[in-house]
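I opened the file to look up a few things and kept notes as I went. The entries follow in the order of looking.

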Amino acid sequence: MPEREDRDRDKKLEDILRLIELCRTIQSSSVNPFEVDVREKLLVLKKHLPDWDVIDVMLKDSEAMSQLVAIVKLQDQWLKHRASALYIDPLLLELKIQLISKEELAESFAKCWHPVAQIDQLTPKGLEKAFVYWRELVPFGERFKDQFGSYGEQAGLIGLEELESLSIFTREEFEARLNVIHRELLEKSNGKEIDYRSFIQGKDPEETALRGYLVAFVVTEGRATLRTDPMTEQIFIQTIEGKPDDETKSVAIAVR
Amino acid sequence: MSEAPPPPPPEAAPQADSAAERAALDRKTRRAFQVLIIQRGRNPGVKGWEMRRYLGKDYKRILEVLSEDLKPLGLEVHQVPGAEGTDDSTRFLLRFRDPPTLAEAETAGFRIDDLAVLAASIALVNSKQGRISRKELESFLKTKFPRWRIDYAVDRYIKRGYLDVDDKELIRIGWRTRAEIDERSLMTLILAQGAQTNTK
């Protein structure tokens, strides 16, 4: 018998914990708060309440109650928002956004945008703050000495020869990788321009950096060309068949 | 006892009063402009209680006059209701009366793609009862924009005050959106753009 009572008690406690979790999930997402049947949950709490004699469980019970109050508050906000003119069915809106172009979206934004007008000025107090900050700023070379010591190389350029000497690349492996990425570019672009950033995008930042490094060689060798759209600053890459133009120039592209 | 004739209406005194009143109003309007145009704290604008301190209890009328005076310059005084909904918590700021063109927006450091991300984010947050998890927002934006741009743009707009993150890590509409963007028009325009695209 006591075992059965314990099981019952556990089951009731589980009900409360599940209710708290449900309320938390609703609060931390954009799910409709009316998914929680507050009346039913209150009845459950009321029914279990006489069985609680341990303070910890009572605290859980009151926490569940407080979570239900938060849900009621959310329901109130939800109703107010739904009644406001800003309410549009999310599915419809998502579909619309998918359908229209980026330019149309930006244009819609610009048409109802009223930027704030203000003057940003340097005040004597701000100037004093900046001076104190600069005066007390530890030189860069000294700053991380405590954590990392004074050794270590500063940021700089690393060439292929150095990478080979560090055994990061071998000449054969590098050539093979260059050919692989060139073939991939040929397949993906199919003679047309494609987005450079999407092309070099890897699984992680390291792979993206590596792909960017390899593509830089493909471009330098004249097997592909880059073009930057002056309006959007989007960078495009395209394969070149035959001899490249004489009009080439070097550009630096930050890879994130 | 005969009644004394009524004294002639004093004309010079009301004229002087009216001129003094006009001068005081001009002075206060100028003061209001100076208060509004110079950034004081981290966020632009001045709260109602501060305005009352600078301009007196009649500050709303003075701000209306200023807003009219600024019309030829293409500016207006805009009020953003505060969280408490009181006059004291209302924030007043100066803003463009007419929206800039897309080309002007670009010269202000906003790229078309960034504006598109912001427009889509604001519209989506509003359609989701004003709150959405960052994950949900990003997964929606990923269907239209490259991933690296989304991370960068969402962080940037949170920093600038267009979007806000609450204690439950949910993305909400930020104070700057309330101040600068006519959200209702934005939703309508997006829906209208969609309709035009469908017709095409």
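Is K46(A) buried or exposed? I counted 9 other C-beta atoms within 10 Å of K46(A), so this residue is exposed. I then looked up where K46(A) sits, and found it in helix α2 (residues 38–48) of chain A. I also checked K46(A) against D61(A): the two are 15 residues apart along the chain, and their C-alpha atoms are separated by 9.6 Å.

Entry on confidence. I note that this is a predicted model. The predictor assigns the complex an ipTM of 0.82 and a pTM of 0.58. For chain B I read a mean pLDDT of 84, with 88% of its residues at 70 or more. Within chain B, α9(B) has the lowest confidence, at a mean of 74, while helix α3 (residues 59–69) of chain B has the highest, at 93.

Entry on the interface. How many residues of chain A are in contact with chain B? I found 42, and they meet 57 residues of chain B. On the chain A side, the elements that give two or more residues are α3 (55–83), α4 (90–99), α5 (102–111) and α11 (196–200). Of these, α5(A) gives the most, with 10 residues. I sorted the chain A side by residue type and got 19 nonpolar, 12 polar and 11 charged.

Entry on the cores. The largest nonpolar core holds 39 residues. Those touching the most other members are L105(A) and F109(A) from chain A, and L115(B), A119(B), A120(B), A123(B) and L186(B) from chain B. I listed the elements that give two or more residues to this core: α4 and α5 of chain A, and from chain B α5 (112–127), α6 (134–141), α7 (147–160), β6 (170–173) and α9 (183–199). α5(B) gives the most to this core, with 11 residues.

Entry on the strands of chain B. I began with β6(B). Strand β4 (residues 131–133) of chain B pairs with β6(B) in the antiparallel sense over 3 bridges, and I132(B) has I171(B) as its bridge partner. Strand β5 (residues 163–165) of chain B is also joined to β6(B) by 3 bridges, again antiparallel, with L163(B) opposite I173(B). β5(B) and β6(B) make a hairpin with 4 residues between them, and in the turn I found E169(B) at a positive phi of about 65°.

I then turned to the open sheet of 3 strands in chain B, which has the order β1-β3-β2 and antiparallel pairing. Why is one side of β1 (46–47) and of β2 (75–80) of chain B left without a neighbour in the sheet? Both stand at the edges and each has a single partner strand, so one side of each has no neighbour there. β1(B) pairs with strand β3 (residues 91–96) of chain B over 2 bridges, and K47(B) stands opposite R91(B).

Last entry, on a helix. I checked α10 (residues 171–189) of chain A, which has 19 residues and reaches 27 Å from first C-alpha to last, close to the 27 Å expected at 1.5 Å a residue. Just after α10(A), I noted N190(A) with a positive phi of about 55°.

Note on methods:
Residues are numbered from 1 along each chain as its sequence is written. Chains are lettered from A and ligands numbered from 1 in the order in which they are written. This is a predicted model: local features need pLDDT of at least 70, side-chain atom pairs count only at pLDDT 80 or more; totals for chains, interfaces and linings use all residues. Two residues are in contact if their C-beta atoms, placed from the backbone, lie within 7 Å. Ala, Val, Leu, Ile, Met, Phe, Trp, Tyr, Cys and Pro count as nonpolar, Asp, Glu, Lys and Arg as charged, and the others, Gly among them, as polar. A nonpolar core is a set of buried Ala, Val, Leu, Ile, Met, Phe, Trp, Tyr and Cys residues joined through C-beta atoms within 7 Å. A residue is buried if 20 or more other C-beta atoms lie within 10 Å of its own, exposed if 12 or fewer, and partly exposed in between; C-beta atoms are placed from the backbone. Two strands pair if DSSP finds at least two bridges between them. The expected span of a helix is 1.5 Å times one less than its number of residues. pLDDT is the predictor's confidence in each residue, from 0 to 100.
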